[in-house]
Amino acid sequence: MKFKKILFILALVAFIVSPLWAGGRSARSQQADTAILTELSAPVQIVMWHMLTDHQQAALQRIVDTFNSQNPMVTVVLQSHPRVDFEPRLLQAVRNNIGPDMVHGIFANDASNFVAEDYLIDFSPYINHTTIGIPNFRNTIPPGAYADITQWGGDSVFLIPVIATGPVFFYNKTLYDRLGLRPPTTWTELEAQSRIIVRETGRPAFGPDSLQDLFHSLIMQGGSGYIDVNTRTVAFDNAIALEKLTWFSNLVQEGIFRIAGADMRFSNLLGSEAVAAYIGSSASIDFILSAMGGRFELGVAPIPVEGPVVWVPTYNFNYAGFRSTPERELAVYEFYKYFMSPEVAAQWAIDYDAMPIPIAALNSREFQAFAATKPSVRAISEQAHRIGGLPAIVGSSTVRNEVLRMMEAAALGTRTPAQALADAVAASNRELQAHR
């Protein structure tokens, strides 16, 4: 496959408290935005929070170790934190001046909260600087990625893009082959095939790792909107959303589909054959293979699409830095500049089972060779022409959380689909309106 096609996907669209932020963000705030430090006169230590585990954590540590060895004036320290409530805990830590200097893998909707409170470093003065900048930065990444990191107006660059993953359809190919099934291309096919699988195995056939992403896919493909940025209200208070929510929750209660529940992730459920298929991040493939233990062959395909709109989500793993002192901010920029370099970004994408965002990394020989052999990356590229986006405004992270509660309540039967939808709409609109 010509992996230049992957460009299309991007063109669219516990705490260990270290002595951080000497003087707090007020020291930075007193300076003009263009008055940046360009050279360190003394060693600086900076901390990155992340949620990675296992081989991904080890891979990031290798990148950090190499950077540290090549840059004696900067020491990057990684701190691992649990996924549960990571973003709220991060925001609270930053507000209390005990947060990290930078964070791994922040999405635009979460970044909006930090932008609104003026906590994020604007990297544009560094990027555009004549001596330490990144020449022609805008053209080193696809237009969609650039739009994602600059959507808050002006020429500010609050996020650094490095890699992207996306949801794909993982399935037990051995079972599918035995039953004469192919991976579904529509949600109707998914339901029909799942019913066959349940009859044969007696177990639920399918589930989504992210209930929010499933809901987004269903309603956007069905022709609904998500958030109206002008009125600051949700746009899914409609019959489309109710139909899709009812469809999914009924199938869960019937035992055809299931939600992860206490199991948290579907990689182990698929690996143990508790389900026959699930939709999850392409980066999950090694976890699935480990859980499978060679018991069956794994298949990977694009996610189903059905309806008047062709739309699937993607995950742009951006990186943010938090305002502090000139020395720390410069150190954060220097690390991210290194992280975006073609060789490093390509290797990080390979380690993460993702696609690098820098164009030079994406087109590198090393990454193209990897992508040609990786079914999860192939699946992302095959659905590249379908990728869509969602607005990221203050309050959108709360909307996402309300969607999760809605999907769980309807699926578990603690609320009717109509009640769950009404609750989600009301709570989401309250939050969005609070930030007018």
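## Close-up views of a predicted model

**View 1. Aromatic pairs.** The structure holds 29 aromatic pairs. Rings of Phe, Tyr and Trp (its six-membered ring) pair if their centres lie within 6.5 Å; planes under 30 degrees apart count as stacked, over 60 as edge-to-face and the rest as tilted. F266 and Y278 form a stacked pair, at 5.7 Å centre to centre with 20° between the planes. F266 sits in the loop between helix 11 (239–254) and helix 12 (267–271), and Y278 in strand 9 (residues 277–281), so the pair ties together parts twelve residues apart in sequence. Helices (H or I, at least four residues) and strands (E, at least two) are DSSP runs, numbered from the N terminus. Both F266 and Y278 are buried. Buried means under 20% relative accessible area, exposed over 50%, partly exposed in between (1.4 Å probe, protein chains only).

This is a predicted model: local features need pLDDT of at least 70, side-chain atom pairs count only at pLDDT 80 or more, and totals for chains, interfaces and linings use all residues. Residues are numbered from 1 along each chain as its sequence is written, and side-chain values use heavy atoms, with hydrogens and water left out.

**View 2. A ring cluster.** Ring pairs link F67, F107, F123, Y315, F317, Y319, F335, Y336, Y338, F339, W348 and Y352 into a cluster.

**View 3. Around H50.** H50 lies in strand 1 (residues 44–50). H50 is buried, with a relative accessible area of 1%. Contact means heavy atoms within 4.5 Å. Leaving aside neighbours within four places in sequence, the contacts of H50 include Q57, L60, L78 and H104.
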